[in-house]
Amino acid sequence: GEKPFVLSRDEAYIGVLIDDLITKEIAEPYRMFTSLAEFRLMLRQDNADTRLLNYGYKYGLINKSYVDTLDKRNRTIKETIERIKKTIIAPEAINEILRKRNTDEINEPKPLFQILKRPEISYGDIEHIAGIIPPEVTKRVDIHAKYDGYIERQLLEAKRMKELENTMLPPKIDYAALQGLSKEATEKLNKIKPVTLGQASRISGVRASDISLLLIHLKRLSHN
């Protein structure tokens, strides 16, 4: 009676693999390339525990003490990032380090986080200002700073995808009876029978206009 355990495309590569095999027409042996994952910056080796350990605990595979340790580390990462974003550094306090790392000096105060975003700078260069933290936290803070803009964009995209994934499609829906769907979309949807609107949106041949029509249909059903 429990809900099925489904890993989404922004949680694990196996989630990408399963979703592709379900929603895409595979004409040759499937190979799991990282390029197939639209959220690959979120599917890094260093954050696998953050993405998946809570599932392990939920299903009794990992003990609570391990999860508590992970939660403590994640809080330290978050607090460190927030702290260096708020810390403003003066040119005279950082320019010597910037010269040693062969990167441009600053001529006005800047947030320490902006300095850390530079590829030449690591957390070790600024820890005398930002504070000493465990090595495993240092690595995560460095990665977050370097890919900050890209990660934020992928998080927003993942949030939009989640909204579609949380919109369930009726299992017995007859797509042929829906006026306005393209012929190709009707055939593919009736053949694959996607469980969610998110799955439907990733089926080859299903257009954005088809998804909009499905949304309208679902809203009508909810009002009846």
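1. Asn 102 is located in the loop that links helix H4 (91–100) to strand S2 (110–111); helices (H or I, at least four residues) and strands (E, at least two) are DSSP runs numbered from the N terminus. Although Asn 102 is not a glycine, its phi is positive, at about 55°. Most residues other than glycine have a negative phi. Asn 102 is exposed, its relative accessible area being 70% (buried means under 20%, exposed over 50%, partly exposed in between, with a 1.4 Å probe and protein chains only).

2. The model is a predicted one, in which local features need pLDDT of at least 70 and side-chain atom pairs count only at pLDDT 80 or more, while totals for chains, interfaces and linings use all residues. Residues are numbered from 1 along each chain as its sequence is written, and side-chain values use heavy atoms, with hydrogens and water left out.

3. Lys 193 sits in the loop between helix H9 (183–192) and helix H10 (197–201). Lys 193 is not a glycine either, yet has a positive phi of about 55°. With a relative accessible area of 39%, Lys 193 is partly exposed.

4. How are helices H7 and H8 arranged relative to each other? Helix H7 (residues 135–146) packs against helix H8 (residues 148–165) at an angle of about 80°, and their axes are 5 Å apart. The two helices are therefore roughly perpendicular (65 to 115 degrees; axes are lines fitted to C-alpha atoms, for helices over the stretch in contact, and angles run from 0 to 180 degrees between N-to-C directions). On the H7 side the contact (heavy atoms within 4.5 Å) is made by Ile 143, His 144, Ala 145 and Lys 146, and on the H8 side by Asp 148, Ile 151 and Glu 152.

5. The protein chain contains 11 helices and two strands, in the order α-α-α-β-α-β-α-α-α-α-α-α-α from the N terminus. Its radius of gyration is 23 Å, well over the 17 Å given by the globule rule for 224 residues, so the chain is more spread out than a compact globule (the radius is taken over C-alpha atoms, and the rule is 2.2 Å times the number of residues to the power 0.38). The C-alpha trace spans about 70 × 45 × 45 Å along its principal axes.

6. Of the 224 residues of the protein chain, 38% count as buried. Among contacts between residues at least 6 apart in sequence, 56% join residues at least 24 apart.

Note on methods
Parallel < 35°, antiparallel > 145°, perpendicular 65-115°, else oblique.
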